[in-house]
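User: I have a model open and want to go through a few local features with you. Can we start with the rings?

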Amino acid sequence: MALTPASRPKIVKKRTKKFIRHQSDRYDKVKCNWRRPKGIDNRVRRKFKGMYKMPNIGYGSASSTRHMMPTGFRKVLIHNIKELEVLMMSNKKYCAEIARGVSAKNRKSLVERAAQLAIRVTNPNARIRSEENE
């Protein structure tokens, strides 16, 4: 039985394309990662017609679906069982993601405890070796 969220509203993104940096298509030394243009004559900063769009607050997600995964859950990073048990009462809204520094032995106990508490884990199979290799 897959664990499902209490409500799963439709997630609407106002923009799915990345904002690209001005002149990143022209020079390899200028990477695509967005940087705000600051020049006094810059056409992108002055919002001339036909130029790239600049990110602004209007592109933000709806507060009801912000940080929501496609499954309908919000993710919480977990390092130990005590942090996992905080999610006990809100297991229909939040799911656990086991941190990358957690050992394979501790991961196994976290996944078992999450199953007892009916908490969804986004990465339950990470760093688990098969039985024949042990």
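Analyst: This is a predicted model. A search of the whole structure finds one aromatic pair.

User: Which rings are in the pair, and how are they arranged?

Analyst: The partners are phenylalanine 19 and tyrosine 59. Their ring centres are 5.1 Å apart and their planes stand at 70°, so the pair is edge-to-face.

User: Where in the chain do the two residues of the pair sit?

Analyst: Phenylalanine 19 and tyrosine 59 are both in the segment before S1, 40 residues apart, and the pair links distant parts of the chain.

User: Buried or exposed, what is phenylalanine 19? And how accessible is tyrosine 59?

Analyst: Phenylalanine 19 has a relative accessible area of 19% and is buried, because the cut-off is under 20%. Tyrosine 59, at 27%, is partly exposed.

User: Which charged end sits over the ring of phenylalanine 19?

Analyst: That of arginine 15, 4.3 Å from the ring centre. There is also lysine 29, whose charged end sits over the ring of tyrosine 27 at 5.3 Å from its centre.

User: Which residues of H2 are buried?

Analyst: Arg107, Leu110 and Ala114. Seen down the axis of H2, the buried residues fall within an arc of 65°, so they line one face of the helix.

User: Why would that spacing put residues on one side?

Analyst: An α-helix has 3.6 residues a turn, so residues three or four places apart point the same way.

User: What covers the buried residues of H2?

Analyst: The cover includes strand S1 (74-78), helix H1 (81-85) and strand S2 (94-98).

User: And which exposed residues are on the face of H2 turned away from the buried side?

Analyst: Lys105, Ala115 and Gln116 are the exposed residues carried there.

User: What about the phi of alanine 118, after H2?

Analyst: Alanine 118 follows H2 with a positive phi, near 60°. Most residues other than glycine have a negative phi. Alanine 118 is partly exposed, with a relative accessible area of 29%.

User: What is the phi of lysine 47, then?

Analyst: Lysine 47 also has a positive phi, near 60°. Lysine 47 lies in the segment before S1 and is exposed, at 62% relative accessible area.

User: Cysteines next. How many disulfides are there?

Analyst: The count comes to zero disulfides.

User: How accessible are cysteine 32 and cysteine 95?

Analyst: Cysteine 32 is partly exposed, with a relative accessible area of 47%. Cysteine 95 is buried, at 1%.

User: Last one: where is threonine 65, and what is it in contact with?

Analyst: Threonine 65 lies in the segment before S1 and is buried, with a relative accessible area of 6%. Leaving aside neighbours within four places in sequence, threonine 65 is in contact with Pro9, Lys10, Ile11 and Arg74.

Definitions and conventions. Residues numbered from 1 in each chain as written. Predicted model: local features only at pLDDT ≥ 70, side-chain atom pairs only at ≥ 80, totals over all residues. Heavy atoms only, no water. Buried < 20%, exposed > 50% of the residue type's maximum accessible area, 1.4 Å probe, protein only. Helix = DSSP H or I, 4+ residues; strand = E, 2+ residues; numbered from the N terminus. Arc of directions from axis to C-beta. Contact = heavy atoms within 4.5 Å. Disulfide = S-S within 2.5 Å. Phe/Tyr/Trp six-rings, centres within 6.5 Å; stacked < 30°, edge-to-face > 60°. Lys NZ or Arg CZ within 6 Å of the ring centre and 35° of its normal.
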